[in-house]
Amino acid sequence: MNAKKLFLEGARSWMLFRAGICSFVLIAVLAASNAVASFPVSVGVSLTGLAYVDSSPDTVFGINLSNGIFISTDRGSSWRALNAGRGFSKILMDPHDPNRILALREFGSSQNTQYLESVDGGRTWNERRVKYGLQPGRFEGFAVHPSRPGLWIALLGGETWASRNNGASWEVAPNPAGSIMQSALSANGEAFYIATDKNEVWRSEDGFEWHPTNFPAGHRPLRIASLAGDRVLVKSERYWWLREKSGPWEQVSMLSPYETRGKFLDHCHPPLQSPADPAYLFATCTNRNKYPGGVSTSQDFSTQLHSMDGGLTWSAAGGSGMADSWHPSAIALHPRDSSVALVAWVEGQVYRTMDRGASWQYSDRGLRLLQPGNDLPAEYRLFDFPRERRLNQAVMAHDIEIVKQIAVEGARMDERGGDKGLTAIDWALQLGGKVEARGERMYWELRALGAPVPPQTHPASVSTMESMARGNFGSVLEDMVRSGWRLTMGVGEAASPSVLKRWSSRHCTSGKVREATLPCPPSLLGRPLAFWVDLHLSIVSPGESAQMIVDLAQLGELSLASRVALFDSGSYGDPKVIRHLLLSLPADASALRRKIAADYKGRFGDISARGDIYGALIGDPGPGNWVLDVLPVDRSALEPGNAAILVKALLGSVGRPDWVRALVLGHAGPRIDAKGWQEVSDFLVLSCDPQLVASALKAGVRFAASVASVDQSSVRVALRKCADDRPARFDAYLGQLHHAGLRLRSYEWWDLGAAEVAALLRFPGHSAYRGVTSPAADVGMMIVQEQQGEGFPRVEYVIEGSPAQMAAIRPGARLVSIDGVLTRGMALNQALLRLRGAVGSPVALTVIGEDGRRETVRNFVFRA
């Protein structure tokens, strides 16, 4: 597509969108002012396609884009919906198979090549497709060959597609002379006819070989009508043309006298030919916004014409009973009786004549639109009602008889319609909750007709449940619970809060739910919670009611919660369910919590999940310090991280250091191993909190000399992390560490920064660290980390005259230990720090020389 075409397409789309918006505004304004509207006011389902069944003329099919396919078995007197074909607007009978019916989309309006096919007289429908792919092309025409069974043709986006086997497979057929197909396609008893953009009409007997018919030059064919005897009638921009088989085109008068040319271009559609009498033709001419004679009006008008002599002369067919405004949307002539015809009107009426148009009768029973009830709120009357499917309209109109009639016709009782996607049950409850006089009645009528309750998880069910609560429809909710709803689940897409929790209320009067001024027990939709508990327990199995226990406890109904807990006792198979219970019960449910925990004492290790349950203590420990109800039954072994979380909470937010002492002694509560206590010590050291450390010491916690994660002494880590804290707080903190017996390692003195040294000297107990400020010295050698061999540091260089040289240590030797501490795997900076110290202080080294001899030198002294 070139840039110009893209621009034109974009402009066209914008104009259509703008026109749609303007039309909507215009409709609203005119409706509000009760002005005469310049658009048709629908009074029924406007059928856009009609087709008789040739072998059974009493049967007629109709179709509507929004409502789908309808059938009449009494010559069109009454209609019923087949609940199929929504989104399709044309109906086509296979002249060779009375049971095959095709439903087609509006030509030129969709990029979708789907169509529907029924091979059993309309009882069942299957989706078919001409062309598959991401860009299937615009559907512009479809025809079935009247005399060659199985031969079909379709126009898709300028291409011709043909099928020789009733649509089982399709293939691209050659386009005539490479031309682009237009939507003018027709078929008579002998051949297909197509108009192209080259101002030519082509003929083909098989859909593959096309031959020009030499349409008159300078005239553009617009519409085609096939006539009996392999004749074809074409309407151009100014004239009508008729061609016999293999003959030349002849200009004919046909309907020209009824067409005028001026500002409002009135036009006539190609006539339909009666299958029962080839001489009888029926046509419609539209006078756009003008009465005959040129007087402007606010409505379109049409004239219905028929000819008894093959189109030579015409007369009006709109006798008594026919509408005098707007125009037909579909016409069908009886296949065996030329005096009978059906005309569907754009406003939704259907007219039938039995005397060639001399008189007309309404023939639209089952198609007429329902009128909304006077009690229907205005917002539903104006916007929702016109867009709804017929069953939902009957529910909105509160017309129970029509609801029953539609149900008998086989309507799907659970189908969703309109913009809100509501089912008939949804509408019955939502309107019943708002219109007091309606109440629950329509719900029970629909249920008796087989309508299922809406799914609890559907988004629309939230507003339905709100309406049920507004109307106190307790019996309806009971029916829904018995049909699959669960009081312990949320409604809509949200998993919580549950039905029981969200819609329970405390009020003592019937009517709308509101906040109570009197202390009344909670109820759900007008019924006490005990009723709902009994109903729930009669449906579920033990072990399925944990959420109900939590909801009841949080509603203050501890006796009911205990009753449900007794029903579920020992039946929870998933430890997560038990953890959810223990963590979610409120503060005043301590006894219930302890009872639940005791039920699982024998396998609390699974529930605790090595202490994962205590992860809930991070931040807020939850209502009522639930941990105190859990600890007495928990004798599981804790993961180190969970041990630190638990001890921190007991010392801090929970305020129970006595339980920490019990954990230290191992007399009660979960078991904490050496790694767990190491994690506890590391956490306390890193807390920089003197009160927390003091509480831990008082509870008997033993601090580790080092922090495991960094292989440094606890005091060294404390200086690095906490030295910038407020002096008074840090001094108190360091004092507590000193009280715990924690000290710097001697070699770590030489790794302190200026701020850390200052903080240490400020500490009242700094005399224990005298020597820290002495000049640092070493033994006079450089070492590097060995990546191979035994992993000991290797001597790279020895300073002349140093203690190392005097001890005969040579480059290449490996340093095995420093002061008895093995250096294998030791970080290089740690080894270097251990080789530094105060001048004159001793150090013992063990080395292995290049010759493999191992030697320990004990008389080293550090020197500057």
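Contact here means heavy atoms within 4.5 Å. I keep that in mind for the entries below. The model I am reading is predicted.

**Entry: helices H21 and H22**

I began with the residues that touch. Val715, Ala718, Leu719 and Cys722 in H21 meet Phe730, Tyr733, Leu734 and Leu737 in H22. I sorted this contact by class and got eight nonpolar residues, no polar ones and no charged ones.

Next I looked up the geometry. H21 covers residues 714–722 and H22 covers residues 727–739. Their axes are 11 Å apart, and the packing angle is about 170 degrees. Angles over 145 degrees count as roughly antiparallel. H21 and H22 are therefore roughly antiparallel to each other.

**Entry: helices H11 and H13**

H11 spans residues 546–554, and H13 spans residues 575–584. Their axes come within 10 Å and cross at roughly 5 degrees. An angle under 35 degrees counts as roughly parallel, so H11 is roughly parallel to H13.

Which residues make the contact? From H11 I noted Ala546, Gln547, Ile549, Val550 and Gln554. From H13 I noted Val577, His580, Leu581 and Ser584. By class, this contact of H11 with H13 has five nonpolar, four polar and no charged residues.

I picked out His580, which is found in helix H13. Is His580 buried, partly exposed or exposed? Its relative accessibility is 32%, so His580 counts as partly exposed. Leaving out residues up to four places away in sequence, His580 touches Gln547 and Val550. His580 and Val550 are 30 residues apart in sequence. Their C-alpha atoms are 8.9 Å apart in space.

**Entry: helix H5**

How many of the eleven residues of H5 are buried? I found ten, so this helix (residues 424–434) is largely enclosed by the rest of the structure. The buried ones are Ala424, Ile425, Asp426, Trp427, Ala428, Leu429, Gln430, Leu431, Gly432 and Gly433.

I also asked what covers the buried residues of H5. The cover includes helix H2 (378–384), helix H3 (390–396) and helix H6 (441–448). It also includes helix H7 (461–471) and helix H8 (474–482).

**Entry: aromatic rings**

A pair of aromatic rings is described by the distance of the centres and the angle of the planes. I searched the whole structure and found 16 aromatic pairs.

I looked at Phe142 and Trp170. Their ring centres are 5.9 Å apart and their planes stand at 65 degrees, so the pair is edge-to-face. Phe142 lies in strand S9 (residues 139–144). Trp170 lies in the loop between strand S11 (159–163) and strand S12 (171–173). The pair therefore ties together parts that are 28 residues apart in sequence. Phe142 is buried, with a relative accessible area of 8%. Trp170 counts as buried at 14% relative accessibility.

Trp170 also pairs with Trp152. Here the centres are 6.3 Å apart and the planes are at 50 degrees, so the pair of Trp152 and Trp170 is tilted. Trp152 lies in strand S10 (residues 152–156), while Trp170 lies in the loop between S11 and S12. This pair ties together parts that are 18 residues apart in sequence. Trp152 has 0% relative accessibility and counts as buried.

Which residues form one aromatic cluster? I wrote down Tyr115, Phe142, Trp152 and Trp170.

**Entry: strands**

In a regular strand the side chains alternate between the two faces of the sheet. I checked this along strand S36 (residues 781–784). Met781 and Ile783 point to one face and are buried. Four bridges join S36 to strand S37 (residues 794–798), and the two strands run antiparallel. Met781 stands opposite Val798 in S37.

Last, I traced an open sheet of three strands. The order is S30-S31-S32, and the pairing is antiparallel. Which strands are at the edges? Strand S30 (504–505) and strand S32 (527–528) are the edge strands, and each pairs on one side only. Two bridges join strand S31 (residues 523–524) to S32. Leu524 has Arg527 as its bridge partner in S32.

Notes
Residues numbered from 1 in each chain as written. Predicted model: local features only at pLDDT ≥ 70, side-chain atom pairs only at ≥ 80, totals over all residues. Heavy atoms only, no water. Buried < 20%, exposed > 50% of the residue type's maximum accessible area, 1.4 Å probe, protein only. Pairing = 2+ DSSP bridges. Axes fitted to C-alpha atoms, helices over the stretch in contact; angles between N-to-C directions. Parallel < 35°, antiparallel > 145°, perpendicular 65-115°, else oblique. Nonpolar A, V, L, I, M, F, W, Y, C, P; charged D, E, K, R; others polar. Phe/Tyr/Trp six-rings, centres within 6.5 Å; stacked < 30°, edge-to-face > 60°.
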